[in-house]
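Work through the exercises below with the sequence and the model open. Each task is followed by its solution in steps.

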Amino acid sequence: MTVRAKFKCWSIQHSYSHSSDYSAAQVTLVPVYDKDGPNASWSKATPSGKIEMLITNPGAVEQFELGKDYFVDFTPAE
């Protein structure tokens with residue numbers, strides 16, 4: 001079974017360490033409430049929570065846009 005949830009990109013915080021040439025971004029996503037549409041069945045009870053990811057791949061960070069909605073699919077890992 002898969003649970004599909006809609007999340008909004010709430011923040012993108014970039015950081016850089018000169019001592020280690022280490023660049024990263026913390027991306028935070030928050031759940032979206034939809035009264036109708038494909039997200040309605042998952043978000044019936046006004047969802048709360050967040051997903052936070054520390055991403056060190058600049059190409060991956062570029063895939064996120066502040067304020068944009070994204071689907072997140074939860075499936076069992078086997």
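**Exercise 1.** Find how the side chains of Lys-50 and Glu-52 meet, and state the N to O distance.

Solution. Step 1: apply the rule, a side-chain nitrogen of Lys or Arg within 4 Å of a carboxyl oxygen of Asp or Glu. Step 2: Lys-50 and Glu-52 form a salt bridge, with N to O at 3.2 Å. Lys-50 is exposed at 54%, and Glu-52 is partly exposed at 45%.

The model is predicted: local features need pLDDT of at least 70, side-chain atom pairs count only at pLDDT 80 or more, and totals for chains, interfaces and linings use all residues. Residues are numbered from 1 along each chain as its sequence is written, and side-chain values use heavy atoms, with hydrogens and water left out.

**Exercise 2.** Which salt bridge does Lys-8 form?

Solution. Step 1: the partner of Lys-8 is Asp-69, with the closest N and O atoms 2.8 Å apart. Step 2: this pair joins distant parts of the chain, Lys-8 in strand β1 and Asp-69 in strand β4, 61 residues apart (strands are DSSP runs of E, at least two residues, numbered from the N terminus). Step 3: Lys-8 is partly exposed at 28%, as is Asp-69 at 33%.

**Exercise 3.** Locate the contacts of Arg-4 with Asp-73 and Phe-71.

Solution. Step 1: Arg-4 and Asp-73 form a salt bridge of 2.7 Å, N to O. Step 2: the charged end of Arg-4 sits over the ring of Phe-71, 4.5 Å from its centre (the rule asks for NZ of Lys or CZ of Arg within 6 Å of the ring centre and within 35 degrees of the ring normal).

Conventions:
Helix = DSSP H or I, 4+ residues; strand = E, 2+ residues; numbered from the N terminus. Buried < 20%, exposed > 50% of the residue type's maximum accessible area, 1.4 Å probe, protein only.
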